[in-house]
Amino acid sequence: MVTTTMAYADKADAETLTSIEKSRFLTTSSDSEKQDHESQKSAGSSNAGRKRFQLLASLCAGVIGVQSGITLTWTSPILPYFMSEESFLSPVSENQVSWITSLLALGAIVGAVPAGKIADRIGRKWSILLTIVPFATSWLVLIFTRDIVSIYIARFVGGIGAGAACVLVPVYIGEIAHASIRGALTACFPILLSLGIVLSFVAGAYCPYVTFNAICCALLLPLVLGAPFMPESPMWLVQRGRKAQVTRVLCILRGSNYDIEKEMAVLQDDVDKMARVQGGLKDLIGTQAGRRAIIVCLGLMSFQQLCGVDAILFYTVNIFQAANSTIDPFVASIVVGVVEVLMTITVALVIDRFGRKPLLIISGTAITIDLAILGYYFKLENEGDVNAIGWLPLTCLSTFNIFFSIGYGSVPFTVISEIFPPQTKGVASSMSIVVHWSLVFAVTKLFPTMEDRMGPAATFWTFACFTAASAVFAYALVPETKGKTLQEIQKKLERKSKTRTTDYPVEPV
C-alpha cells in the first residue's frame with residue numbers, strides 16, 4: 001500500500017515537473033519569438049529611417065538641379081521680352097536669339113569635362129557645392145548688366161554650372177544609395193530640374209526682368225543650408241583610405257543593423273581595381289563591359305536630345321505663339337512644366353518597379369506619335385484656319401512631356417550612375433555628358449534655322465524620326481539594371497547581351 005502510494009506520488013510529481021517545464025518552455029519560446037519580432041520591427045524601422053536619410057541627402061544634392069532647370073529654360077519667358085519694344089536691348093536678331101539659347105550648352109561642355117576629375121580630387125560633396133560659384137556669377141551678371149555681350153557671358157558661365165551638375169549629382173547619388181532604391185533616388189535630380197523649369201516659366205511670366213533673376217540667385221541658398229546633411233561618398237572615402245569615416249558614413253546611410261563590413265569589402269575591391277588602371281579612355285574601351293556601357297550611355301544621351309526636347313523647352317512660348325494656339329502661350333508653358341514635374345515624380349515611384357528598359361521603349365514610341373501629330377498640326381496651320389483645334393499644340397506638348405519624363409527624361413541619368421565600371425566612371429560620365437551638351441548646342445542653335453527653312457511641320461517630323469529610332473535602340477541594346485548592385489551590372493555587361501536577366505541575383509525591391 002505504501003509502495004503504491006509512493007508510486008502514485010512519484011508519478012504526480014513527475015507530471016507536475018513536466019507541466020512546469022512545458023510552461024517554462026512555452027514562456028521562453030513566447031519571449032524569444034516576441035524578442036525576435038521586436039528585433040525585426042526595430043530593424044525595419046531603422047532601415048526605413050536610413051532610406052529617409054538617403055532620400056534627404058539625395059534631395060540636398062539634387063537642389064542644384066533646380067538651378068539647372070531654371071538656367072535651361074530661362075530663355076523661354078525672356079526671349080519674348082527681348083523681342084518686344086519694352087526691352088532694354090534693341091530688337092534682337094534671329095542669330096542673336098540662337099546664341100543666347102545655345103551658349104549655355106557650350107558652357108556646359110566646359111563644366112562637364114573636368115567635373116569627374118575634380119570630384120576625384122576634392123570629393124563628390126565639395127564638387128557639388130563648388131557649382132554655386134558659376135550659377136551665382138551668371139545671375140549677378142544678368143542682374144547688374146544691360147548689354148548683349150554680358151548676356152552671352154552670363155549664359156555661358158551658367159552653362160558651366162549646369163554641365164558640372166549633370167555629371168556630379170547622378171554619380172554622387174548612385175554611390176550613396178542602396179541598390180534597392182537607387183533608381184528612385186537618382187530620379188531626385190531630374191525631378192528638381194523639372195521643378196526649376198516650372199519656376200522659370202512662372203517667375204519669368206509674371207515677374208519683372210531684374211526680380212526674376214534675383215529670385216533665381218536666391219534659390220542657391222537651399223544648397224548651402226542642405227550641405228550639413230550631405231555625407232561624403234563612401235566610394236571616394238575608401239579611395240582616400242579613410243576607413244574610419246567610411247564606417248561612420250555607412251552607419252549613417254545604411255543603419256547599424258546593416259552588414260557594413262561586406263559593403264566595405266566590395267568598395268575596397270573596386271578601389272583596388274581602380275588603382276591598377278589609369279581610368280582613362282583606353283581602360284574604358286579595353287573591356288567588353290566598358291565598351292557596352294559607353295555605347296548604351298552615348299546612345300541614350302544622343303536620343304535624349306535628338307527628340308528636340310531642349311529646343312521645345314527653350315522656345316516653348318515662341319512655339320505656342322507660332323502655333324496660334326487659343327490658349328495664352330505663357331499659361332500653356334506653365335502647364336507643360338507642371339506636367340513634367342508630376343510625371344518625373346511618377347517615374348521616381350515606378351522606375352525600381354517596372355525597370356529602365358520598358359520605360360525607355362514606351363517613352364520613345366509615344367513621343368514619336370506626339371511629334372508626328374504636332375508636325376501635322378503645323379502643316380494644317382500653314383494651309384488654313386486651325387481655330388477649331390487650337391487646343392492641340394498644348395495637348396501634344398503636354399503628352400510629349402509626360403512620355404519624355406517617364407523614359408528619356410529620367411532614365412539616362414539613372415543609367416549613367418549604374419552602368420560604368422567604377423574605375424572609369426569619371427571619364428565615361430564626362431564623355432556622355434559632353435555628347436549630351438554638344439547636341440543641346442546643335443539642336444537649340446539650329447532650331448530657328450530649321451523652322452525658317454524647313455517649316456515647323458518638317459522640323460517636328462525630323463525629331464519624330466529620331467525618337468522612333470530611340471525606341472528601337474532601347475529594345476535592342478539597353479540592358480535592364482533594375483534592383484542590381486553595381487557589381488552585378490558589370491558582370492552582366494561582361495557577358496553577351498542575350499544572357500537572361502534571371503541568371504543573376506536580384507536584390508529585393
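Residues are numbered from 1 along each chain as its sequence is written, and side-chain values use heavy atoms, with hydrogens and water left out. Because the model is predicted, local features need pLDDT of at least 70 and side-chain atom pairs count only at pLDDT 80 or more, whereas totals for chains, interfaces and linings use all residues.

## The cavity

A search of the whole structure finds one cavity of 30 Å³ or more. A cavity here is a set of points, on a 1 Å grid over the protein atoms alone, where a 1.4 Å probe fits but cannot get out. The volume is the space filled by probe spheres set on the points, with grid points joined across faces, edges and corners. The largest cavity holds about 220 Å³ of space.

Its lining, meaning residues with an atom within 4 Å of a point, consists of 21 residues. Leu72, Leu193, Phe404, Gly409 and Phe413 lie nearest the centre. By class, the lining has 11 nonpolar, eight polar and two charged residues. In this scheme Ala, Val, Leu, Ile, Met, Phe, Trp, Tyr, Cys and Pro are nonpolar, Asp, Glu, Lys and Arg are charged, and the others, Gly among them, are polar.

At least two lining residues come from each of α10 (188-206), α17 (288-306), α18 (309-314), α20 (329-354), α22 (392-406) and α24 (425-453). Helices are DSSP runs (H or I, at least four residues) numbered from the N terminus. The most is given by α10, with four residues. Domain 1 (49-230) and domain 2 (281-494) both contribute to the lining, so the cavity lies between them; the domain bounds come from an automatic or database domain assignment.

## Helices and their buried residues

Two helices have spans close to the expected value, which is 1.5 Å times one less than the number of residues.

| Helix | Residues | Number of residues | First to last C-alpha | Expected span |
|---|---|---|---|---|
| α25 | 456-477 | 22 residues | 32 Å | 32 Å |
| α14 | 243-254 | 12 residues | 16 Å | 16 Å |

Buried means under 20% relative accessible area, exposed over 50%, and partly exposed in between (1.4 Å probe, protein chains only). In α14, the buried residues are Val246, Val249, Leu250, Leu253 and Arg254. Seen down the axis of α14, these fall within an arc of 110°, so they line one face of the helix; the arc is that of the directions from the helix axis to the C-beta atoms. Just after α14, Gly255 adopts a positive phi of about 100°.

The buried residues of α25 include Phe460, Phe463, Thr467 and Phe473. Helix α3 (residues 75-82) is mostly covered, with seven of its eight residues buried. Among them are Ile78, Leu79 and Phe82.

## Individual residues

Leu306 lies in helix α17 and counts as buried at 19% relative accessibility. Leu306 and Leu439 are 133 residues apart in sequence, with their C-alpha atoms 7.3 Å apart in space.

Ala203, in helix α10, counts as buried at 11% relative accessibility. A C-alpha separation of 10.0 Å is found between Ala203 and Ile334, which are 131 residues apart along the chain.

Asp328 is placed in the loop between α19 (316-322) and α20. With a relative accessible area of 39%, Asp328 is partly exposed. Asp328 and Val317 are 11 residues apart in sequence and 9.0 Å apart in space, C-alpha to C-alpha.

Key
1 Å grid on protein atoms, 1.4 Å probe; cavity = no way out; pocket = protein on both sides within 12 Å on 5 of 7 lines; lining within 4 Å.
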